[in-house]
Amino acid sequence: MATQRILATEGAKAVIPKLKTEYGELMFHQSGGCCEGSYPHCFEKGGFLIGSNDVCIGEIEGCPFYMASDQFEYWKHTQLTLAAMEGRAASFSLESTIDMAFYIKSRLFTEAELKDLTPIQQD
């Protein structure tokens with residue numbers, strides 16, 4: 001089985017069904033911006049326009065996770081993990097409506113993992 005580029009903690013996985021109940025299908029986007037742009041954002045599927053420079057690095061609980069390609073260039077050697085904590089999220093991200101905040105943890109891939117990564121998808 002190929003090494004996944006994006007994972008989620010049990011806490012993040014527990015938040016996603018709550019948001020799906022309220023908003024339907026979801027998607028995530030991680031940009032390379034500053035301030036709120038550096039957080040992962042959760043949107044209703046189609047609620048954020050995916051650009052030609054965005055790549056899909058995988059799925060979390062059936063939700064595609066996109067990243068700006070220039071940000072992906074910096075992070076392509078790292079496995080990302082979506083985590084959640086109580087507290088106010090980025091104002092445009094859906095989990096802020098339930099006083100939760102998604103954030104990213106990362107670690108470098110091992111040499112063996114780098115040889116067996118899931119492919120990225122470019123829409």
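Is Cys 42 buried or exposed? Cys 42 is buried, at a relative accessible area of 0%; buried means under 20%, exposed over 50%, and partly exposed in between (1.4 Å probe, protein chains only). The structure is a predicted model, in which local features need pLDDT of at least 70, side-chain atom pairs count only at pLDDT 80 or more, and totals for chains, interfaces and linings use all residues. Residues are numbered from 1 along each chain as its sequence is written, and side-chain values use heavy atoms, with hydrogens and water left out.

The cysteines were examined for bonding. A disulfide is a covalent bond between the sulfur atoms of two cysteines. The criterion applied was a pair of cysteine sulfur atoms within 2.5 Å. Zero disulfides are present. For Cys 42, the closest cysteine sulfur belongs to Cys 63 and lies 6.6 Å away, too far for a bond. Cys 56 is likewise in no disulfide; its nearest cysteine sulfur, also that of Cys 63, is 11 Å away. Cys 56 is buried, with a relative accessible area of 4%.

Helices (H or I, at least four residues) and strands (E, at least two) are DSSP runs, numbered from the N terminus. Helix α1 spans residues 10–23 and has 14 residues. From first C-alpha to last, α1 reaches 20 Å, close to the 20 Å expected at 1.5 Å a residue; the expected span is 1.5 Å times one less than the number of residues. The buried residues of α1 are Ala 12, Val 15, Ile 16 and Leu 19. They cover an arc of only 110° around the axis, so they sit on the same side of α1. The arc is that of the directions from the helix axis to the C-beta atoms. Glu 10, Lys 18 and Thr 21 are exposed on the other side of α1. Gly 24 follows α1 and has a positive phi, near 85°.

In soluble globular proteins, nonpolar side chains tend to be buried together. A nonpolar core is here a set of buried Ala, Val, Leu, Ile, Met, Phe, Trp, Tyr and Cys residues joined through side-chain atoms within 4.5 Å. The largest such core has 22 residues, of which Phe 28, Ile 57, Leu 82 and Phe 102 touch the most other members. Elements giving two or more residues to this core are β1 (6–8), α1, β2, β4, β5, β6 (78–86) and β7 (100–108). With four residues, α1 gives the most. Beyond its neighbours within four places in sequence, Ile 57 is in contact (heavy atoms within 4.5 Å) with residues including Arg 5, Phe 65, Leu 80 and Ile 120.

Aromatic pairs were then searched for. Rings of Phe, Tyr and Trp (its six-membered ring) pair if their centres lie within 6.5 Å; planes under 30 degrees apart count as stacked, over 60 as edge-to-face and the rest as tilted. Three aromatic pairs were found in the whole structure. Phe 28 and Phe 65 are stacked, at 5.8 Å centre to centre and 20° between the planes. Phe 28 lies in strand β2 (residues 26–30) and Phe 65 in strand β5 (residues 63–68), so this pair ties together parts 37 residues apart in sequence. Phe 28 is buried, at 0%. Phe 65 is buried as well, at 0% relative accessibility. Phe 43 and Phe 48 also stack, with 4.9 Å between centres and 15° between planes. Phe 43 is buried at 13%, whereas Phe 48 is partly exposed at 29%. Ring pairs link Phe 28, Phe 65 and Phe 102 into a cluster.
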